[in-house]
Amino acid sequence: MFGEVSLTALAVVFGMSIVTYATKAGGFWALDRVEPSQSVREGLDALPGGILVAILVVRLLEGGPSEWVAGIAVLAVAHRMESVLLSMVVGVCTLLIIRGSGASIV
Amino acid sequence: MSQTKTESGSDSSSGDEAASAETETERVAFCRGGLKAGFVTCVPVALGVGAYGLVFGVLAREAGLSLLTAVVMSATVLAGAAQLIAVGLWDWPIPVVAVIGTTLVVNLRYLLMGASLRPWFTRLSSRQAYTSLFFMADENWALTIQDLRSGNGRGGFLLGSGLAIWVFWVVCTAIGGVAGSRIGDPETYGLGFVLTAIFLALLVSFWEGRESLIPWIVAAVVAASVDAVLPGRWYILAGGLAASLTEVTRNVR
């Protein structure tokens, strides 16, 4: 029922869980020993956004104009509703509409 | 006890609230009541997490993960954004360094979240504290900080709310995974764009006003350039670090 299970894949998942727990417990553990400076805090704070931007730029450059338009729809909904799922649904529907109708325009 | 105030940027609490929270932090107990309160408070949030878990399950199967691998990942990693990014990177052979390295870097924010719990969690036993921290995710961390700041002293709140998230996340990953292997060609439903859309929506939640703009532009330029010249996924790390360094140097001046 589980399909083909790869031990390598499970080992990678194990590695992911180790590094994730290290971050969850590490901040609590380490603050006893070192007080992070303001700039370290700001640097860490900026990481997730930067990583998402990096991934998105490459994906969107490959995706082309129809994905850019759908992406703008996602941003608009996410900005107003703060719901990741709703924004995703609107974005995907927008893309399907573009592809279905005016695919030749873009 | 003045050392207890260490968390960054208190959002909205007035001076009075902060003061009362500080006196109350003396009493933090880990009891069944707190566990239950955390679980119940978090159920509505966990429902949303569950819907997200469905999507993760479907995408994981599309990316070539087995159902077992996807479910084990949700049960042991328990970090939505990192898991989705890992699935986006998944390939055969698995780019091990990219997947684990990116997971680490995406999750570095947990360092600060865990650190912000110190004023209250130092009053729990190590076992209670370190078990609870495993179940810390963005959503229940926010709820927990809110609860602890209000001075309820419920040390079990993080674990209780985390268990609610864990149950919905894992079960829905399995349901999505089963459904995902049956829906046929993903492109018919625009599934290739789903991850892009989720990342864009997540990005909005990381927006901190205009200060975010310059680091993000730098990250975009660096990532696109690195992707053009280097094979593999170094552009992800490069973009993240570029944003981070931009932020730090800009504030040093």
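Biologist: At what angle do helix α2 (residues 32-62) and helix α9 (residues 138-149) of chain B pack?

Modeller: Happy to start there, and please keep in mind that this is a predicted model. In chain B, the axes of helix α2 and helix α9 lie 10 Å apart. The angle at which these two helices pack is about 160 degrees.

Biologist: Is α2(B) roughly parallel or roughly antiparallel to α9(B)?

Modeller: Angles over 145 degrees count as roughly antiparallel. The angle here is about 160 degrees, so α2(B) is roughly antiparallel to α9(B).

Biologist: Is the crossing of α2(B) past α9(B) left-handed or right-handed, and which residues of α9(B) meet α2(B)?

Modeller: The crossing is right-handed. From α2(B) come Thr41(B), Cys42(B), Val45(B) and Val49(B). By class, this contact has 4 nonpolar, 2 polar and 1 charged residues. The partners in α9(B) are Glu139(B), Asn140(B) and Leu143(B).

Biologist: Let's turn to the domains. How far apart are the C-alpha centres of domain 1 and domain 2 of chain B?

Modeller: The domain assignment of chain B places domain 1 at 28-206 and domain 2 at 208-253. Their C-alpha centres lie 25 Å apart.

Biologist: Which helix of chain B gives the largest share of the side of domain 1 that touches domain 2?

Modeller: The contact takes 6 residues from domain 1 of chain B and 5 residues from domain 2 of chain B. On the domain 1 side, the residues divide into 4 nonpolar, 2 polar and no charged. The largest share of that side, 4 residues, comes from helix α5 (residues 96-106) of chain B.

How values were computed
Residues numbered from 1 in each chain as written. Chains lettered and ligands numbered in written order. Predicted model: local features only at pLDDT ≥ 70, side-chain atom pairs only at ≥ 80, totals over all residues. Domains from an automatic or database assignment. Contact = placed C-beta atoms within 7 Å. Nonpolar A, V, L, I, M, F, W, Y, C, P; charged D, E, K, R; others polar. Axes fitted to C-alpha atoms, helices over the stretch in contact; angles between N-to-C directions. Parallel < 35°, antiparallel > 145°, perpendicular 65-115°, else oblique. Left-handed = near helix turned anticlockwise from the far one by under 90°.
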